[in-house]
Amino acid sequence: MAMFDLAFVRQQGGQFILRIEDTDRTRFVEGSEQQVYDTLAWLGLGHDEGPDVGGPYAPYRQSERLDTYKPYVDTLLEEGKAYYCWCSSERLKEMRDKQQALKQPTGYDRLCHGKTKEERAALPGFTDQPVVRMLVPDDVDLFWDDLIMGRTSAPRPDDQVILKADGFPTYHLAVVVDDHEMAITHVVRGQEWMSSTPKHRLLYTWLGLPEPKFAHMPLLRDAKKAKISKRKNPWARLTWFKEEGYLPEALLNFLALQGYPPVIEPDGTEREVFTFEEFVQRFEWSKVNKAGAIFNLDKLNWLNGHYIRELEVGDLASRLLPFLYADGVLPEQPSLPQLGRLKKVTELIQTRMNLLTEATPLVKPFYVGDSDLEIADDARAQLKDSAGEVLDAAIAALEPISGTIGKPDGTGVEWTHDRIEAALREAIVEGLGIKPKLAFGPLRTAVSGQKVSPPLFESMEILGKASVIARLERLRDSL
């Protein structure tokens with residue numbers, strides 16, 4: 001929602017407002033507001049006004065605006081367009097249960113309408129803490145022109161509660177009042193709110209307020225085409241993507257594709273990879289998909305891998321740092337040599353991962369002591385009977401190559417991946433007659449501890465001669 005809001009706002013030169021709608025205190029979750037700020041900041045979806053940045057229509061938390069709503073409620077009560085309801089929650093439940101049992105439409109039966117408090121108190125199911133309900137007329141307008149859905153209608157609403165017993169307005173009154181007070185011109189929300197639109201439009205009419213334009217976005221669906229549930233789908237929580245190692249630019253691209261068509265190139269081909277700026281330039285409400293998209297994590301992983309490979313190496317290395325720190329591979333404040341090595345390693349592994357979290361097993365062997373390197377069970381299991389002979393040949397072939405860092409001008413370095421590869425091919429492929437596909441498995445296991453690793457000869461160059469020989473000898477001794 002925020003992304004589509006912001007695309008339209010940037011295109012039109014408007015303001016993107018972040019309002020915290022926290023009037024339902026029973027559903028209040030500590031820390032959720034900060035999560036909204038953190039997620040929007042991570043995605044680069046900056047808002048122009050909001051609780052954390054201020055603005056001309058502050059405060060931007062509905063719980064801090066209770067005095068704003070009361071005059072509107074009083075006006076509706078005075079004009080007979082709203083009324084007090086003293087029905088207890090138990091009575092309302094019994095009423096709904098009976099309606100459902102009789103297969104009748106559920107809705108308030110207006111027991112309290114037209115009665116004084118004393119008259120209502122004489123009847124069953126009374127509470128002295130009333131709510132305020134709208135008196136929805138029979139001829140309420142159910143149709144409107146939606147920017148996405150076109151000419152649209154919703155079922156007739158019942159007498160909606162607009163002020164709760166605790167003095168807090170419901171969403172329905174609060175958004176109408178705040179959208180007017182904050183000069184909102186366009187309301188973008190999910191299609192599950194379409195059923196509420198006739199109520200909101202009725203309130204605008206009753207209160208004599210200009211009506212904003214509505215755009216109801218299709219809902220994202222899971223693989224079973226059900227509405228996404230935070231309980232069933234961990235990725236319904238936006239912070240999950242950051243934790244799993246997705247790039248914000250990849251996630252934005254993916255989410256845009258969930259509700260908007262790809263770029264059509266001049267030759268008629270489709271391009272699914274595009275920037276947020278490109279999305280802004282070509283944005284039109286009429287092009288938003290009306291049907292809910294199926295959330296495809298495989299597609300997102302592919303996109304994320306593409307964006308990872310497009311990053312400048314230094315940028316990617318810096319994005320890996322929080323994950324490597326969290327996994328204990330690097331300290332929170334790495335040294336310059338550690339950072340220098342990370343940049344070299346990142347260049348090797350950039351094409352081998354789709355998520356930033358996949359870097360740890362690839363990077364870790366470059367930062368552990370030679371005697372502390374763990375050999376994975378699957379890597380050890382694949383070693384053939386010739387592994388010892390291969391390791392002996394490799395050690396003998398590498399010993400003559402100097403491991404010094406060379407001269408200050410960068411010349412004189414012998415320990416390079418080209419020299420290493422040539423020596424090992426000569427010793428193992430040609431010398432032992434082992435096929436290239438099988439020749440270097442034991443070396444890969446010794447150097448990385450893994451069955452699959454970054455490019456072997458480049459890894460050996462980065463580790464240096466002393467570490468490579470030590471690791472080869474260690475594996476050889478364990479056979």
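**A salt bridge and its surroundings**

Aspartate 179 and arginine 19 form a salt bridge, and their closest N and O atoms are 2.9 Å apart. Please keep in mind that this is a predicted model. Aspartate 179 belongs to helix H6 (residues 171-181), while arginine 19 sits in the loop between helix H1 (2-12) and helix H2 (32-43), so the pair ties together parts that are 160 residues apart in sequence.

In one of them, the side chains of arginine 61 and glutamate 33 meet at 2.9 Å, N to O. This pair, too, links distant parts of the chain: arginine 61 is in the loop between H2 and helix H3 (66-78), and glutamate 33 is in helix H2, 28 residues apart. Arginine 61 counts as partly exposed, at 23% relative accessibility.

The other joins lysine 287 to glutamate 284, with 3.5 Å between the closest N and O atoms. Lysine 287 is partly exposed at 40% relative accessibility, and glutamate 284 is partly exposed as well, at 37%.

Now let us step back to the layout of the protein. It is divided into domain 1 (1-80 + 142-156 + 168-217), domain 2 (82-134), domain 3 (234-307), domain 4 (311-367) and domain 5 (372-478). The C-alpha centres of domain 4 and domain 5 lie 22 Å apart, and their contact takes 10 residues from domain 4 and 12 residues from domain 5.

What do domain 4 and domain 5 bury between them? The figure is about 940 Å², with 70% of it on carbon and sulfur atoms. On the side of domain 4, Leu348, Pro365 and Phe366 supply 52% of the area buried against domain 5, more than any other three residues. Across this interface the rule finds 0 salt bridges, while 3 residue pairs are in polar contact between domain 4 and domain 5. Helix H13 (336-349) and helix H14 (359-363) each supply at least two residues of the side of domain 4 that touches domain 5. H13 gives the most to that side, with 5 residues.

A database record covers part of this region. UniProt, in an unreviewed entry, places the feature "domain: Aminoacyl-tRNA synthetase class I anticodon-binding" at residues 316-474. In the model, this span is 57% helix and 0% strand, and its end C-alpha atoms lie 33 Å apart.

One last stop is isoleucine 294, found in the loop between helix H10 (276-281) and helix H11 (297-310). Isoleucine 294 is partly exposed, with a relative accessible area of 36%. Leaving aside neighbours within four places in sequence, isoleucine 294 is in contact with Arg221, Asp222, Ala223, Lys225 and Gln258. Isoleucine 294 and lysine 232 are 62 residues apart in sequence, and their C-alpha atoms are 15 Å apart in space.

Terms used. Residues numbered from 1 in each chain as written. Predicted model: local features only at pLDDT ≥ 70, side-chain atom pairs only at ≥ 80, totals over all residues. Heavy atoms only, no water. Salt bridge = Lys/Arg side-chain N within 4 Å of Asp/Glu carboxyl O. Helix = DSSP H or I, 4+ residues; strand = E, 2+ residues; numbered from the N terminus. Buried < 20%, exposed > 50% of the residue type's maximum accessible area, 1.4 Å probe, protein only. UniProt positions renumbered as here; feature names shortened; annotations may be inferred. Domains from an automatic or database assignment. Contact = heavy atoms within 4.5 Å. Buried area = accessible area lost by both parts, 1.4 Å probe. Polar contact = N/O pair within 3.5 Å; in protein donor to acceptor, adjacent residues only side chain to side chain.
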